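Here is a short briefing on one protein chain. Look at the sequence and the 3D view, then work through the points topic by topic.

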Amino acid sequence: MAWFLGIGITGVVLLALSLVLDGVLDGALDGALGGALDGWLSLPVVAGFLAMTGFGGAIALGTTGAGPTVAAGAGAVAGLGTAWLTYRFGRLLAHDPTASAPTGDDLVGTAGSVVTAIPADGYGEVLLRLAGQPVKLAARSARPVARGAEVWVESAPTATSVLVRPVDR
């Protein structure tokens with residue numbers, strides 16, 4: 001039983017190392033056998049297989065009283081199942097679609113406040129909210145705008161500047 005526990009503990013240690021050494025084995029045999037092993041030799045999959053093979057074999061040996069060969073077979077079947085689940089879960093996480101990143105066009109029509117006064121012929125600064133986060137950008141306006149005034153964004157000509165107009169209330 002000590003051998004099975006040793007294999008299981010080795011798998012748990014490898015799983016802990018996979019948090020630190022993420023992706024080390026992923027490219028080791030990249031493209032081997034026509035890409036059949038891609039993803040199957042990732043560190044979490046190998047660690048899950050070893051841990052479940054060891055602990056599954058120890059459980060089978062301790063509960064059934066069967067010999068080490070039967071326990072090793074039961075552990076290997078449990079290890080293969082765990083490896084398959086780990087592989088599928090890893091692929092699910094890797095292919096999870098994300099929301100699109102906010103762009104400058106998302107700023108058009110938003111309100112903000114002037115941080116640095118905007119002269120008629122130059123740049124000032126405005127504080128806006130983009131995706132819920134405060135963003136300070138350079139701003140131009142057709143007419144001068146005082147510090148603290150509320151403004152609306154008319155356009156975003158560059159990634160770091162906006163064209164604004166004061167809000168008349």
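A polar contact is a pair of N or O atoms within 3.5 Å; within protein, one atom must be able to donate a hydrogen and the other to accept it. The side chain of Ser141 comes to 3.4 Å from the backbone oxygen of Val164. Keep in mind that this is a predicted model. The chain has three helices and five strands.

**The chain as a whole**

- Along the sequence, the pattern reads α-α-α-β-β-β-β-β.
- The chain has 169 residues, and 25% of them count as buried.
- Take the contacts between residues at least 6 apart in sequence: 50% of them join residues at least 24 apart.
- The accessible surface of the chain is about 10500 Å². Carbon and sulfur atoms account for 66% of that surface.

**Ser141, a buried residue**

- Ser141 sits in strand S3, which covers residues 133-141.
- Is Ser141 buried or exposed? Its relative accessibility is 6%, so Ser141 counts as buried. The cut-off for buried is under 20%.
- Which backbone oxygen does the side chain of Ser141 reach at 2.9 Å? That oxygen belongs to Arg143.
- Leaving aside neighbours within four places in sequence, Ser141 is in contact with Ile118, Pro119 and Ala120, and also with Leu163, Val164, Arg165 and Pro166.

**Helix H1 and the nonpolar patch**

- A nonpolar patch lies on the surface, with about 920 Å² of accessible area together. Its members include Met1, Leu5, Ile9, Val20 and Phe55.
- Which helix gives the largest share of the patch? Helix H1, residues 2-20, supplies seven residues.
- Val20 is part of helix H1. Val20 counts as exposed because its relative accessibility is 66%. The cut-off for exposed is over 50%.

- Helix H2 runs through residues 43-64 and has 22 residues. From first C-alpha to last, H2 reaches 31 Å, close to the 32 Å expected at 1.5 Å a residue.
- The buried residues of H2 include Leu43, Val45, Gly48, Thr53 and Leu61. Among what covers the buried residues of H2 are H1 and helix H3 (68-94).
- Just after H2 comes Gly65, with a positive phi of about 75°.
- What span should H3 have? With 27 residues at 1.5 Å a residue, H3 should span 39 Å. The end C-alpha atoms of H3 are 38 Å apart, which agrees.
- In H3, the residues Ala71, Gly75, Gly79, Ala83 and Tyr87 are buried. The cover over the buried residues of H3 includes H1 and H2.

**Salt bridges**

- Side chains of opposite charge can pair when their charged atoms come close.
- How many salt bridges does a search of the whole structure find? The search finds three.
- Glu125 forms a salt bridge with Lys136, and their closest N and O atoms are 3.7 Å apart. Glu125 lies in strand S2 (residues 124-130) and Lys136 in strand S3, so the pair links distant parts of the chain, 11 residues apart.
- Glu125 is partly exposed, at 28% relative accessibility. Lys136 is exposed, with a relative accessible area of 52%.
- Asp168 forms a salt bridge with Arg143, where the closest N and O atoms are 3.2 Å apart. Asp168 lies in the segment after S5 and Arg143 in the loop between S3 and strand S4 (150-158), so this pair ties together parts 25 residues apart in sequence.
- Asp168 counts as exposed, at 64% relative accessibility. Arg143 counts as partly exposed, at 40%.
- Glu154 forms a salt bridge with Arg165, with the closest N and O atoms 3.7 Å apart. Glu154 is in strand S4 and Arg165 in strand S5, so the pair ties together parts that are 11 residues apart in sequence.
- Glu154 is partly exposed, at 41% relative accessibility. Arg165 is partly exposed as well, at 40%.

**The end of the chain**

- Arg169 lies in the segment after strand S5 (161-166).
- Is Arg169 buried or exposed? Arg169 is exposed, because its relative accessible area is 82%.
- Arg169 and Glu150 are 19 residues apart in sequence. In space, their C-alpha atoms are 9.6 Å apart.

Technical notes. Residues numbered from 1 in each chain as written. Predicted model: local features only at pLDDT ≥ 70, side-chain atom pairs only at ≥ 80, totals over all residues. Heavy atoms only, no water. Helix = DSSP H or I, 4+ residues; strand = E, 2+ residues; numbered from the N terminus. Buried < 20%, exposed > 50% of the residue type's maximum accessible area, 1.4 Å probe, protein only. Contact = heavy atoms within 4.5 Å. Areas by Shrake-Rupley, 256 points an atom, 1.4 Å probe, with all protein chains shown as cover. Patch = residues over 30% accessible without salt bridge, like charges linked within 9 Å, V, L, I, M, F, W, Y side chains within 5 Å. Salt bridge = Lys/Arg side-chain N within 4 Å of Asp/Glu carboxyl O. Expected span 1.5 Å × (residues − 1).
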